[in-house]
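Student: I have a model open and want to go through it. Can we take it in short questions?

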Amino acid sequence: MLLATGQVLPVSSVHRLARTSTLVRIVMNADGQVLDMGRKVRLATPAQRRAVFARYATCWIDGCPLPATMCQIDHADNWSTGGLTDLKLLGPACQFHNRDRYQRPERYTRRKEGKDRWAFTYHRIGSRRLRE
């Protein structure tokens, strides 16, 4: 194996590294800013936050007027149950909706809007819940 420094790494060292290392998938944009990190990290990077703010004007819950720049970055799939910290699965949620969606998931329906956006509809108690 040839290192970036030009030094050759012996096969025995490559085997040792393979046994003792962990692989982490990281997707970067052309400027080297991290966009997708899988499960290794829970919080969005500054580059991911900027991309979310460019994608969304407000909280991703229908009808919530709070500007995206005042929202927390939320996972479309709850991170604690296996959700990924990937740009395509992140969006802005105001503090209320971010907490409420995880405490009362039965009140929310998620839908995909376009190629890289999600939205959620909040259903009041007793209202008819739409299918995802």
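Student: Which element of the protein has the highest mean pLDDT?

Tutor: This is a predicted model. The protein averages a pLDDT of 82, and 78% of the residues score at least 70. Where pLDDT is low, the predicted coordinates should not be read in detail. Strand β2 (residues 34-36) has the lowest mean, 61, and the highest, 95, belongs to β4.

Student: Is Q48 buried or exposed?

Tutor: Q48 sits in helix α2, residues 46-55. Its side chain has a polar atom 3.1 Å from the backbone oxygen of T85. Buried means under 20% relative accessible area. Q48 has 0%, so Q48 is buried.

Student: Which strands do the buried residues of α3 pack against?

Tutor: Helix α3 spans residues 95-103, and its buried residues are H97, N98, D100 and R101. These buried residues pack against β3 (72-75), β4 (90-93), β5 (108-113) and β6 (117-122).

Student: What kind of aromatic pair do Y56 and W60 form?

Tutor: The whole structure holds 3 aromatic pairs. In the pair of Y56 and W60, the centres are 5.9 Å apart and the planes make 85 degrees. Over 60 degrees counts as edge-to-face, so the Y56 and W60 pair is edge-to-face.

Student: Which residue joins Y56 and W60 in a cluster?

Tutor: Y56 is buried at 4% relative accessibility, and W60 is buried at 2%. R101 lies over the face of F120, 4.1 Å from the ring centre. Ring pairs link Y56 and W60 into a cluster with F120.

Methods: Residues numbered from 1 in each chain as written. Predicted model: local features only at pLDDT ≥ 70, side-chain atom pairs only at ≥ 80, totals over all residues. Heavy atoms only, no water. Helix = DSSP H or I, 4+ residues; strand = E, 2+ residues; numbered from the N terminus. Buried < 20%, exposed > 50% of the residue type's maximum accessible area, 1.4 Å probe, protein only. Polar contact = N/O pair within 3.5 Å; in protein donor to acceptor, adjacent residues only side chain to side chain. Contact = heavy atoms within 4.5 Å. pLDDT = per-residue confidence, 0-100. Phe/Tyr/Trp six-rings, centres within 6.5 Å; stacked < 30°, edge-to-face > 60°. Lys NZ or Arg CZ within 6 Å of the ring centre and 35° of its normal.
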